[in-house]
Amino acid sequence: MGTFSPSSSLSFSKHSHCSIVTTTNTVRHSNGTHFLISMRNLCWSGQVKNVVQALDLFHGMARMNPLPSVKDFTLLLGVIVRMKHYTTAISLVKHMYSSLGIQPDTITLNIVINCLCRLKLIAFGFSVLGTMFKLGLEPTVMTLTTLINGLCVHGSVAQAVELAGHIEKMGCPLDVYTYGVLINGLCKMGDTSAAVGWLRKMEERNWKPNVVVYSTIVDGLCKDELVPEALSLCSEMREKGVRPNLVTYTCLIQGLCNFGRWKEARSLLDEMMKMRMMPDLQTLNVLVDAFCKEGKIMQAKSVIGFMILMGEGPDVFTYNSLIHIYCLQNQMNEATRVFNLMVSQGCLPDIVVFTSLIHGWCKYKNINKAMHLLEEMGKIGFVPDAVTWTALIGGFCQAGRPLAAKELFFNMHKYGQVPNLQTCAVILDGLCKGNLLSEAVSLVEAMEKSNLDLNIVIYSILLDGMCGAGKLNAAWELFSSLPAKGLCKQGLLDKAEDLLMNMEENGCLPNNCTYNVFVQGLLTKKEIARSIKYLKIMMDKGPQRENWHRLQNLPFVKYTNHYHSITSTLQLMRLEESFLNMEESDPTALLKSLYALIYLSYIRRKTIKNSVMAAYKPATELEAGEAARMKQQICMSIVVLDSLLDQNASDVLCLSCAGDGSKWEDSLSLTQL
């Protein structure tokens, strides 16, 4: 069969065509009936083992004359879908309609929609829904539930909820399965309260929630650490005649163990077994993991012994729980013994097991064994993730090799991994403890420039390093800027301004670093007037050279730093001449050239007005939207640099705002500052 292409349209004819089948390929009626009975029994009993066997059955049906009903084809298609051969199922459906002339029905098209959703082609699923309407077929609740499930599975839960609400408004009632799909999607997204809301809606519409729905919410509540609410819901389901199943008990036991409520967990386990529900591997793994996290290795081993007696062999999760606790307790020989036992039992380790061992050997300061495990991971085909790299980097730092750790840190991207905040904190701590403070400061500056959302842990590590190195002034300057950094990053400029005032009132005067952070926040929000106000305050508190140095990272200056080395008059004249004669229409190129020219004006103490007049002409020749953006950027650059040079900005501001009445009043207020 041909493979399914997302770009190909699924077109179905309303008319049934005669099947073109040669008489030599025709299966006799009696044999055909026997063949169909055999096919149905194979499908119902689950004896269709692979897709090749399923295709043989399909082609046998296609050779029959007359053709079997669409129900028989649908039965076989369902088997193929359960094998997860979604593209094959779609291709067979297309063949049924285009080659065999079988008229489409709702059930078959539901199968197509289900396959498309599982292939993450939800938009095509909605296209098939449109095809159903065109063919005069009425979608069932299952059709719409399949689409809702597709949206939930791929993270578009809000759209799924919206679609469900729209369906209800159209007078099409949802069923138990639809509610279950929505509740499951909401719980997986962590919105358990909304899931409970849909449970109550379900009850209001006289639908009786089943054990799957209740268990899903119980699991969500336990993961949200709302164990009392989960226990209450379990009692509620019992009162309503819904008996908890193994999944319900496992979720509750895990929630109780996570809070150390061992007696209640044991009581639930006993209750479960009295109801003749024996714990499965997942339930026992929950207990093993909980005991290991509490450091109760003997109890964990007892559960594993019970597991073996029950005929449930330990899996990779079981072994990892033991290995992890041994590594945390520096019992690396025991961890290695469990690892070797695991491999000898035919249980392949996963990346979590390798990472636990690497972390353990790093903590044990045996870098060679950690690197050997990293090589073994690569041979098996595992790619180290950010957690693995963080463990290695931490190991090198603990072994007194921070520069080697830094090299690993910057090589992560070669393996397709991006450092997270934990990785950054580990390398930063290693650099500070290794007396490489300048390297640590440079790293934090690089993080800030990359717009990484640094947290208080990162700054605390750097502050500790500065204090340890005796850099108390630098530490105090950084510490003073932290509140403003947080508020400005979140766009809470008014609160940041209030904080600045409170600092002065309390005798803790903001320094240049604090003002610089606040001004950057203002400029990001295009608060030009307020930025000028605080730039002038900043200038009053220190020399202009220091102020200029503090402004090096502002948006309108960062493009021009590479021009700082240009000092000869000849080079300056050539740059100005090339700028005046340029016919570049790219706004970005124009802005970069403008910034360079303004910067040159500053270092030569030349009037800025001439530079702006040169830059303004090409800006006005752009389209209206781009020209306005250029004017705004020019205005921002002029105002800040003009304030630094103590020049009168009124002329250049009027020039920048010419033809733009909405900016005129702003320019007047700026010149009066």
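**Notebook: a chain of helices**

**Entry 1. The whole chain.** I began with burial: 45% of the 673 residues of the protein chain count as buried. Buried means under 20% relative accessible area, exposed means over 50%, and partly exposed is in between (1.4 Å probe, protein chains only). This is a predicted model, where local features need pLDDT of at least 70, side-chain atom pairs count only at pLDDT 80 or more, and totals for chains, interfaces and linings use all residues. Residues are numbered from 1 along each chain as its sequence is written, and side-chain values use heavy atoms, with hydrogens and water left out.

I then looked up the secondary structure. The protein chain has 36 helices and 0 strands. Helices (H or I, at least four residues) and strands (E, at least two) are DSSP runs, numbered from the N terminus.

Next came contacts, meaning heavy atoms within 4.5 Å. I took the contacts between residues at least 6 apart in sequence; 61% of them join residues at least 24 apart.

**Entry 2. Confidence.** I checked pLDDT, the predictor's confidence in each residue, from 0 to 100. The protein chain averages 75, and 66% of the residues score at least 70. Over residues 1-9 the pLDDT is below 50, and this stretch has 19 contacts in the model beyond near neighbours in sequence. Residues 542-587 also have a pLDDT below 50; their contacts beyond near neighbours in sequence number 75.

Entry 3. I looked up the terms before the values. On a 1 Å grid over the protein atoms alone, a pocket is an open set of points with protein on both sides within 12 Å along at least five of seven lines, whereas a cavity is a set where a 1.4 Å probe fits but cannot get out. Lining residues have an atom within 4 Å of a point. Grid points are joined across faces, edges and corners, and a volume is the space filled by probe spheres set on the points.

The second largest pocket holds about 470 Å³ of space. I found 24 residues in its lining. Nearest its centre lie His359, Val387, Thr390, Ala391 and Gln422.

Which helices each supply at least two residues of this lining? They are α17 (316-328), α19 (351-363), α21 (386-398) and α23 (421-433). The largest share, 8 residues, comes from α21.

I sorted the lining by class: 9 nonpolar, 11 polar and 4 charged residues. Ala, Val, Leu, Ile, Met, Phe, Trp, Tyr, Cys and Pro count as nonpolar, Asp, Glu, Lys and Arg as charged, and the others, Gly among them, as polar.

I also checked Asn320, which sits in helix α17. Asn320 is buried, at 14% relative accessible area. Leaving aside neighbours within four places in sequence, Asn320 is in contact with Val352, Val353 and Ser356.

Entry 4. Helix α22 spans residues 402-411, and its buried residues are Pro402, Ala405, Leu408 and Phe409. Why do they line one face of the helix? Seen down the axis of α22, they fall within an arc of 110°, so they share one face. The arc is that of the directions from the helix axis to the C-beta atoms. I noted the general rule: an α-helix has 3.6 residues a turn, so residues three or four places apart point the same way.

The face turned away from the buried side carries exposed Leu403 and Glu407. I looked up what covers the buried residues of α22, and found α21, α23 and α24 (437-449) among the cover.

**Entry 5. Backbone in the loops.** Most residues other than glycine have a negative phi, and most peptide bonds are trans. I listed some exceptions.

The peptide bond from Asn65 to Pro66 is cis, with omega near 5°. Pro66 is in the loop between α2 (51-62) and α3 (70-82).

Asn206 has a positive phi, near 65°. This residue lies in the loop between α10 (192-204) and α11 (211-223). Asn206 is exposed, with a relative accessible area of 72%.

Glu225 also has a positive phi, near 65°. Its loop runs between α11 and α12 (227-239). At 56% relative accessibility, Glu225 counts as exposed.

Entry 6. Is Val112 buried or exposed? Val112 is in helix α5 (residues 106-118), and at 1% relative accessibility it counts as buried. Val112 and Ala89 are 23 residues apart in sequence and 7.6 Å apart in space, C-alpha to C-alpha.

Val457 lies in helix α25 (residues 456-468). Val457 is partly exposed, at 43% relative accessible area. Its C-alpha atom is separated by 9.0 Å from that of Leu421, 36 residues apart along the chain.
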